Amino acid sequence: METYPIPDSLPEPEGFASGASFDPVSAAALADAADPSVDLDGDGAFDTVTWSSPSALVVATDLDADGSTDRLTAIADDGEFGVWEFHREPDGTPRWLRVDAGRLGVE
């Protein structure tokens, strides 16, 4: 799966492309408290939690099998989506970076 990083020269966007709110910190905490039920990468180990809310479907994946969510994908009921990845800055500061956003469907 390809991601399209947002250039560092742009300000960090919030939420979906339209600016609707999404909190990756809270979403990751919810996912980390649940038992994974999907093996997204096909290695035989469950690594992904999915859930839906009245306004979105969320897919949370532990990419490195350390027990913590590393990647979040949220698809809003209007087709907008956002993808966030967990990173640590060189000084150790944790950060969720949105790496992709857009709209599913025909425009």
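Is tryptophan 96 buried or exposed? Select tryptophan 96: this residue is buried, with a relative accessible area of 14%. Buried means under 20% relative accessible area, exposed means over 50%, and partly exposed lies in between, using a 1.4 Å probe and protein chains only.

Some ground rules come next. This is a predicted model, where local features need pLDDT of at least 70, side-chain atom pairs count only at pLDDT 80 or more, and totals for chains, interfaces and linings use all residues. Residues are numbered from 1 along each chain as its sequence is written, and side-chain values use heavy atoms, with hydrogens and water left out.

**Stop 1: the whole protein**

Show the cartoon. The protein has 1 helix and 5 strands. Along the sequence, the pattern reads α-β-β-β-β-β. Helices (H or I, at least four residues) and strands (E, at least two) are DSSP runs, numbered from the N terminus.

Now show the surface. The protein exposes about 6700 Å², and carbon and sulfur atoms supply 56% of that area. Such areas come from the Shrake-Rupley method with a 1.4 Å probe; for residues, only the protein chains shown count as cover. Of the 107 residues, 33% are buried.

**Stop 2**

Two strands pair if DSSP finds at least two bridges between them.

- Strand 2 and strand 3 run antiparallel and are joined by 6 bridges. Find alanine 60, which stands opposite leucine 72 in strand 3.
- Strand 3 and strand 4 are antiparallel too, with 5 bridges. Here arginine 71 stands opposite glutamate 85 in strand 4.
- Strand 4 (residues 80-88) pairs with strand 5 in the antiparallel sense over 9 bridges. Valine 83 has aspartate 100 as its bridge partner in strand 5.

Stay on strand 3 for a moment. This strand is mostly covered, with 5 of its 6 residues buried.

**Stop 2: the helix**

**Stop 3: the core**

Which residues make up the largest nonpolar core? Select Phe22, Ala27, Ala28, Ala31, Val49, Val58, Ala60, Leu72, Ala74, Trp84 and Trp96, 11 residues in total. Helix 1, strand 2 and strand 3 each give two or more residues to this core. The largest share, 3 residues, comes from helix 1. A nonpolar core is a set of buried Ala, Val, Leu, Ile, Met, Phe, Trp, Tyr and Cys residues joined through side-chain atoms within 4.5 Å. In soluble globular proteins, nonpolar side chains tend to be buried together.

Zoom in on alanine 60. Leaving out residues up to four places away in sequence, alanine 60 touches Ala31, Asp47, Thr48, Val49, Trp51, Thr69, Arg71 and Leu72. Contact means heavy atoms within 4.5 Å.

**Stop 4: tryptophan 51**

Move to tryptophan 51 in strand 1. At 24% relative accessibility, tryptophan 51 is partly exposed. Beyond four places in sequence, its contacts include Ala27, Leu30 and Ala31.

**Stop 5: an aromatic pair**

The whole structure holds 2 aromatic pairs. Select phenylalanine 86 and tryptophan 96: their ring centres are 5.5 Å apart and their planes stand at 65 degrees, so the pair is edge-to-face. Rings of Phe, Tyr and Trp (its six-membered ring) pair if their centres lie within 6.5 Å; planes under 30 degrees apart count as stacked, over 60 as edge-to-face and the rest as tilted. Phenylalanine 86 is partly exposed, at 28% relative accessible area.

**Stop 7**

Go to the hairpin of strand 3 and strand 4, which has 3 residues between the strands. There, glycine 79 takes a positive phi near 95 degrees. Next, select alanine 65, in the loop between strand 2 and strand 3. Its phi is near 60 degrees, a positive value in a residue other than glycine. Most residues other than glycine have a negative phi. Alanine 65 is exposed, at 68% relative accessibility.
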